[in-house]
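Trainee: I have a model open and would like to learn how to read it. Where do we start?

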Amino acid sequence: MIPPTSGIGAAVLALFAIVGFGAFLWRAYQLYRYLRLGRNEDRTDHFWRRVRDEIVVYLGQRRLLTRRYYGRGLTHALTFWGFLVITYGTCDLLLSGIFGRRMPGTESGVYVWILDLFAVAVLASIVIAAYRRLVIRPSRMHIALDGYVILGLIGLLMVSLLVFENAGIAAGILEPGQTPPPLAGLVHLGYSHDLALAVFSGAWWVHVVTVLAFAAYLPQSKHLHIATTLPNVFFRTQRPRGALDLIDDIEGRETFGAGSVRDLSWKQLLDAYTCTECGRCSQQCPALATGKPLDPQKIVLDIRDQLLREGPKLVGAPGDRGTPPARWAPTKAEELWSCTTCAGCVEVCPVTIEHIDKIVDMRRWLTMMEGDVPAEAQRSLTAIERAGNPWGQPPDTRADWAKDLGVPTFAEKPDAEYLYFVGCAASFDRRNQKVAEALVRILRAAEVSFAILGTEETCNGDPARRMGNEYLWQTQARQNMETFAKYGVRKVIASCPHCFNTIANEYPQLGGEYEVVHAVQLVRRLVNDGKLKLARGAAPRELVAYHDPCYLGRHNKIYDEPREALGALDGVEVVEIAPHNRERGFCCGAGGGRMWMEEKVGQRVNHKRVDQIVSVRDLVASEGAKVSKVASGCPFCLIMLDEGVGAKGVAEELKPVDVLEMVASRLEVSA
Amino acid sequence: MKTWVVVERKGSELRRVSREIAAKAAQLGDATVLEVTGLERYSPLPAVAALAARAKQDQPSLVLIGATPSGRDLGASLAARLGWTYASEATDVAVDGDAALVSRMMYAGKVRATVQAKLPAVVSVRPGAFTLPGGAAEPTVEPVAADASAEKLAFQRFEPTAAASGRVPLTEASVVVSGGRGLRGPESWKMVEELADVLGAALGASRAVTDAGWRPNEEQVGQTGKTVAPDLYIALGISGAIQHLAGMTSSKVIVAVNKDPDADIFKVADYGVVADVFEFLPAFTDEVKKAKAAS
Amino acid sequence: MKILVCAKQTPDSTVRVKVAPDGRSVDAAQITWAVSPYDEYAVEMALERKDADASTTVAVVSLGAARAKDSLRQALAMGCDEAILVSGPGAEALEGLGVAKALAAVAQEAKPDVVLCGRQASDDDQGLVGAALAEALGWPHVATVTKFAPADGGPAGSVNGIDVWKEVEGGHEVWRAPGPVVLTVQKSEKEPRYPSLPGIMKAKKKEIPEKDVASLGIGASLPKPEIVKMEPPAARGGGKIMKDGDAKRTAQELARLLREEAKVL
């Protein structure tokens, strides 16, 4: 259509465009300068993986189109795709309005069709989004004026677009050979030619001015994510989910962790700009769900707000470090210590924000710089330093559980194929010693060659790292790696997902590359390969609920193996603790070092988890079946579930077990 | 051989440990029972000055003193002043020629040692190390006037602890009685308190119990609660999860009562009782009462 | 104010101490060493003073093997200003009175306003050194201390007496010491602090001067108890389990065992 910008109109439009985009650029420049306050961090590795992420997550909107969110995700995806299409059209409008030129392809019938379809789809999505905000008001969502402004602007854009197209058709100002917009032309309002022209002109101006206002408003708003998601997804971490960031050259540093916004990396600050305040992370957070002061979204938004507050001052004063993040609010430290690092937030964030890294960086500052650690956490850190285990049990009793079983150490059996890294829980906790015994029986039944390190094993360091003591983690890791090297260990089995995760995903940061399997993975493989013979025959039907440990599931995507291992047992059926299963699994409350910290506020996470399991059991019971066990694959989960079923008075009928114990109880008895 | 016993009073009564060591000294022969008088509150310098002066005249070979807080302080100060051998917190004392053979715990209760303390020696003796013979006569106590001129400290004031319960603080108690979920509800603590009262014990609890709100959080013993190392730890209806064990395994003697014979707590217990705690506890409290009354 | 803390290195509380084959000493292999817990409270108590008044200086002294330097570094990392190790032939063999004499020599040179010791070391559990050190110095001594503070009044910067909170049954006695005083510490107000990593790094690099024990003129050998026998206490887990079934009989038996065998009643 011929733009209504002859003569002075083009100049006015040009002026508007300069003001609108100028405001956008000026603000963007400020934000960029604040972003540069952050520390350097290289996020350019794995280029092609980043390109793939960009296609899948950004263009494909994959993280919005997920279980539980398909409907809502689709409205966003349509709006987003519409935005891409329509922005192209907007550029075309501005170009033609100012310079009389067209963007390539905009004259094609296909583009006109697509544009028109998306305009209607976006408008419909906006109506749904407004309805959700006004009427449904999901609790997770932070509903503020900002959202309405944006919805209003987008709605106005779509309406004005459709109106000017409609009027343009009525006025007959299509360029020669142009395909008429199909949907906009469906309605005939019986305009007179002059009125049609006037409506066209008015709506056209409303549209382009709204576009420019939108551009100017955008960087002031949470809708900045429209712009920042593109780089934020591209620069997302390519580390394994379970691996925290390494502090390299730790001996040569003077400051540790985030004691200032300057200590957060530029990417962490970009995360903060990108947060859309959708609240999905908050909805997944076990701490928030049980009344703790932590809200993962607030962790991110606090960074954004503080950066905007302190940024102008810090930009001009290189020596000024501002307020340490852990002191931004009196309750901030408590927020940070409430995190179980379960990754529920990270899993669900549609714009790939990395919450755990920020929390741990702030904990690092508290622990390593301030020595400001909860008393019980301090006790277990000291215990790791001095006794090599977080419970402070006598280190020379580490292998006592194995004595009667005759499990060899590497010193006794240097040619063993696998190292079984037992971990502190299975070494010292009597309940978990039974799990270790079960694994030993399985490995022997399958004739796997293995040995343990005995008293030479020490804590893998995971609790220390997650409590913010990176130095202690490195010390522990190096000590274990030296012992591994001494015996030429190449393959490691772990029955604890925390041991598994840190050895598999984090030891490589220090040069320790091993082939690490979690015991359930190995069991699954042994069953598949026919090396592990299970008892067959008329076993009674047994329903077992499976609880996903965070460090097995979300952190390492081991969802199927434990279910398959259970399913391979005659008569056993796995019951899902839906909807809190797999990627949406609910933490037991013990991750992130919380195993050794007191829960003083709100409900206990493990009690809430048991409530969820009990309600699934009750649901199944209403269908006439009985869930008698809840299985997991993690010693901390087992301790927490044991405590939880006891507290809830269901210990007799809902017994927490480890998958390995169930498998070991069904081994084929050789004649 | 000349033996001295330095006694201490609580109010007007001799402390039990003082009577115990006085009875023991009487067996060793030639015993003198002394009490430092004239001090409203114990302070080492006037007491040591008086006793040291007297010791130079008397030349005792062995000084026994109760290992109470002030007894330990006085014993150590006296040994240092006189330059004699010192052994603290004896659980048994025998004289062998020119030395005392003293049984005592070392390494925070992880080692039982017998040490030879060359005479003359000062030995502080744990309460309960010697049993008081039934019907033992009150010893004749000879006063030794404290030497006020030796004092260098000035008493200012007494600040009473605002203790709601009047019980010993958990982390300092020499006996702790702890209850777990096996006690079924807060109403059971009446029984627990009764035993604690007889023993002069602090009250503890497992996390399950403080979680359930049966007992206040300060009573929690364990990894996420308090770490205790009393002489005697009595666990009632506690299963013995690692979280609890982490807070109490350093206790010197552990007694566990649980109806489940497979409970993990029995693996760390020195004395285990497999019984219904509701039947056992009243009977046991009675026995402890009897034992305390008899001795 | 100038504070001197005496800190002994002993086996960490998580170590399961084992009796050596000779039956008169402990097996030193596989022992993790740490500052004795009551001495750690003493360090914390001194640092709590330093928190309250930044002009306070805290020195920490230990006596014994070269490995004791690790424990001194722990104290430095927590925030002590300087550390001194008394070492050399014979230093490790010193006990009670001898240790007190050696520490007295250090204190006479350092001239602190307050000397802090833990109430007892977690190895010999004697609880002699604090009192003996006060005797050797001719200073007054307060035991079972939980807090101290400079007395009010007097010109700024000078120490005009020291108020000491001594824990007794039912509360605290507050005593005032006019001049230098030795305190044996029961407990600090807070749990011993967690050293910061920069603190640890700084402590690692810090020079710890060593004093030869021979130069302190301790003189003739002082009497000390000689260990004739060491045994482990009744083994954990090998405990007596009673499952008689009759509550009364079991209660009688348990009370008897606790009284006669364990001697804890």
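Mentor: Start with contacts. Two residues are in contact if their C-beta atoms, placed from the backbone, lie within 7 Å. In chain A, take the contacts with a separation of 6 or more: residues 24 or more positions apart account for 80% of them.

Trainee: What should I know about the model and its numbering?

Mentor: This is a predicted model; local features need pLDDT of at least 70, side-chain atom pairs count only at pLDDT 80 or more, and totals for chains, interfaces and linings use all residues. Residues are numbered from 1 along each chain as its sequence is written, while chains are lettered from A and ligands numbered from 1 in the order in which they are written.

Trainee: How many helices and strands are there in chain A?

Mentor: Both are DSSP runs, numbered from the N terminus: helices are H or I with at least four residues, strands are E with at least two. Chain A has 26 helices and eight strands. Its C-alpha atoms fill a box of roughly 100 × 65 × 45 Å along the principal axes.

Trainee: What percentage of the residues of chain A count as buried?

Mentor: Count neighbours. A residue is buried if 20 or more other C-beta atoms lie within 10 Å of its own, exposed if 12 or fewer, and partly exposed in between; C-beta atoms are placed from the backbone. Of the 671 residues of chain A, 50% are buried.

Trainee: How do I read helix packing? At what angle do α1(A) and α3(A) pack?

Mentor: Helix α1 (residues 8-35) and helix α3 (residues 70-99) of chain A pack at about 135°, axes 8 Å apart. Under 35 degrees counts as roughly parallel, over 145 as roughly antiparallel, 65 to 115 as roughly perpendicular, and the rest as oblique. So α1(A) and α3(A) are oblique to each other. A10(A), L13(A), A14(A) and A17(A) of α1(A) meet L94(A), G97(A) and I98(A) of α3(A). Class the residues next: Ala, Val, Leu, Ile, Met, Phe, Trp, Tyr, Cys and Pro are nonpolar, Asp, Glu, Lys and Arg charged, and the others, Gly among them, polar. This contact has six nonpolar, one polar and no charged residues.

Trainee: And where do α11(A) and α14(A) meet?

Mentor: Helix α11 (residues 296-315) and helix α14 (residues 355-370) of chain A have axes that come within 10 Å and cross at roughly 70°. That makes α11(A) roughly perpendicular to α14(A). P296(A), I299(A), V300(A) and I303(A) meet H355(A), K358(A) and I359(A).

Trainee: Now sheets. What is the strand order in the six-stranded open sheet?

Mentor: Strands of a sheet pair through backbone hydrogen bonds, either parallel or antiparallel. Here, two strands pair if DSSP finds at least two bridges between them. The order is β13(B)-β12(B)-β14(B)-β15(B)-β16(B)-β13(C), with parallel pairing. The edge strands are β13 (202-205) of chain B and β13 (240-242) of chain C. The twist averages 15° from one strand to the next. Strand β16 (residues 271-274) of chain B pairs with β13(C) over three bridges. There, V273(B) has M242(C) as its bridge partner.

Trainee: How many residues of chain C are in contact with chain B?

Mentor: 66 residues of chain C are in contact with 69 of chain B. On the chain C side, α6(C) gives the most, with nine residues. By class, that side has 35 nonpolar, 14 polar and 17 charged residues.

Definitions and conventions: Axes are lines fitted to C-alpha atoms, for helices over the stretch in contact, and angles run from 0 to 180 degrees between N-to-C directions.
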